[in-house]
Amino acid sequence: MQKSYRRTVAACYSVNVTMSVIGNLSPLLFLTFHELYDISYSLLGTLVLINFCTQLTVDLIFSFFSHKFNIPLTVRLTPIIAIAGLLLTALAPVLFPNAVYLGLVLGTVVSCAASGLCEVLISPVIAAIPAENPDHEMSKLHSVYAWGVVGMVVVATVFLLLVDHKYWQWLVALMTLVPITATILFARAPIPQMQTPEKTSGAINFLKDKGVWLCILAIFLGGAAECTMAQWASGYLEQALGLPKVLGDLLGVALFAFALGFGRSLFSKIGKYPSRAILWGAIGATACYLIAALSPFAIVGLLGCAFTGFCVSMMWPGSLLVASDRYPAGGVLIFALMAAGGDMGASVGPQLVGMITDFAILTPSISSFADSLGLAPEQLGMRLGILLGSLFPMVAIFVYGYFRKQDKKKLKESAQ
């Protein structure tokens, strides 16, 4: 890593931590929002959908019109937009006392616009910085996201343990310190040159390649597998397994994020073949989802949720590495398209869990079946949602298996 880019790398890491705050703080407050403002689980799940749909919109805009933007300026503005979104979320009960959910939606849209810019721009910034092993540098960047989740969950849990939940706005305001740090770092950091299509038709022609769509499918499945468990682990452990909120957050979300960060950090140190890592990750994630959903023992379900983090750790960044390796001239475009696919998967999975949970609560036959099992309708609904989530890594096994087969073939041909 060149010395002149160290401040740039630190700024990118700070923005990725900001992204971890934006993506995971709201789910930790789901039950608080439900209790204080009587917001349904479907509407809470819709916040996640809005989150990733906003990011998806940003991804698509950059996929086709990245050549219209001043990329260095947009990179520097990203944490500033995040600050505005977090503050808007914190002020939702003040600005919209009779429609708090509307304030949460607006705050989510602004925050997640920044998160979408982060996805589209920060990975290609790191990729454009000269390095001895670009794959390892990319894995480090994504591991920072996971470690950011761990730190955020610990801070949030301690805050909510010591302070009444009705003061949750101060926690959100506290989290703005992260993007403020990123803003200061970016102010004097050099931004490397990145490739963008010269015109919109270049992006359209790129999409005619079937291999690009397969890469997008790969990250769609990886995003769904990762974010379904990440977004609902806390609520699932509290409602479905009956664990206290402190344990649900610390032992569920934090352990999931710790395992996620450990897996990515491990690959950044010793990993060689992204296609192999994501294939075994999909196999392990499928098993973990099934264990979490079906186990009658809380401790086993907890371990299933947590270890899912390790298994899915490389499914998102590994898919990026696979795509960038196959399309090295893609520049910002390939990262934008992959971000769009990942965000689409990350929006579909968590939303399905919320919908299934509410459906179970409102359907008398399912409620009766839950009673016969000694479960509350919410508990059965969340278990069914997590069970459905196992389909994402299950399908990914076949997609990643194809990539691994291709890589083995290339290695065999190069050895001859």
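A residue counts as buried when its relative accessible area is under 20%. The model is predicted, and Leu117 is found in its helix H6 (residues 100–128). Leaving aside neighbours within four places in sequence, Leu117 is in contact with Val58, Phe62, Thr74, Thr78, Ile81 and Ile122. Thr78 lies 39 residues from Leu117 in sequence. In space, the two are 6.3 Å apart, C-alpha to C-alpha.

The protein chain as a whole was examined next. Its secondary structure comes to 19 helices and 0 strands. Of its 416 residues, 58% count as buried. The chain exposes about 17,000 Å². Carbon and sulfur atoms supply 69% of that area.

The mean pLDDT of the protein chain is 82, and 89% of the residues score at least 70. Helix H9 (residues 177–187) has the highest confidence, at a mean of 93. The lowest is found in helix H10 (residues 200–206), at 61. Where pLDDT is low, the predicted coordinates should not be read in detail.

The count of salt bridges comes to 2. In one, the side chains of Arg264 and Glu226 meet at 3.0 Å, N to O. Arg264 lies in helix H12 and Glu226 in helix H11 (residues 210–239), so this pair ties together parts that are 38 residues apart in sequence. Both Arg264 and Glu226 are buried. A salt bridge also joins the side chains of Arg326 and Asp407, at 3.1 Å, N to O. Here the partners are helix H15 (residues 315–326), which holds Arg326, and helix H19 (residues 391–415), which holds Asp407; the pair therefore ties together parts that are 81 residues apart in sequence. Arg326 is buried, and so is Asp407.

Helix H12 supplies the largest share of the patch, 5 residues. Phe258 lies in this helix. Phe258 counts as partly exposed because its relative accessibility is 42%, between the limits of 20% and 50%. An α-helix has 3.6 residues a turn, so residues three or four places apart point the same way.

The cysteines were then checked for pairing. The count comes to 0 disulfides. A disulfide is a covalent bond between the sulfur atoms of two cysteines. For Cys118, the closest cysteine sulfur is that of Cys12, 8.1 Å away, which is too far for a bond. The cut-off for a disulfide is 2.5 Å between the sulfur atoms. Cys118 is buried, with a relative accessible area of 3%. Cys53, by contrast, counts as partly exposed, because its relative accessibility is 33%.

Just after H2, Asp38 takes a positive phi of about 55°.

Terms used
Residues numbered from 1 in each chain as written. Predicted model: local features only at pLDDT ≥ 70, side-chain atom pairs only at ≥ 80, totals over all residues. Heavy atoms only, no water. Helix = DSSP H or I, 4+ residues; strand = E, 2+ residues; numbered from the N terminus. Buried < 20%, exposed > 50% of the residue type's maximum accessible area, 1.4 Å probe, protein only. pLDDT = per-residue confidence, 0-100. Salt bridge = Lys/Arg side-chain N within 4 Å of Asp/Glu carboxyl O. Areas by Shrake-Rupley, 256 points an atom, 1.4 Å probe, with all protein chains shown as cover. Contact = heavy atoms within 4.5 Å.
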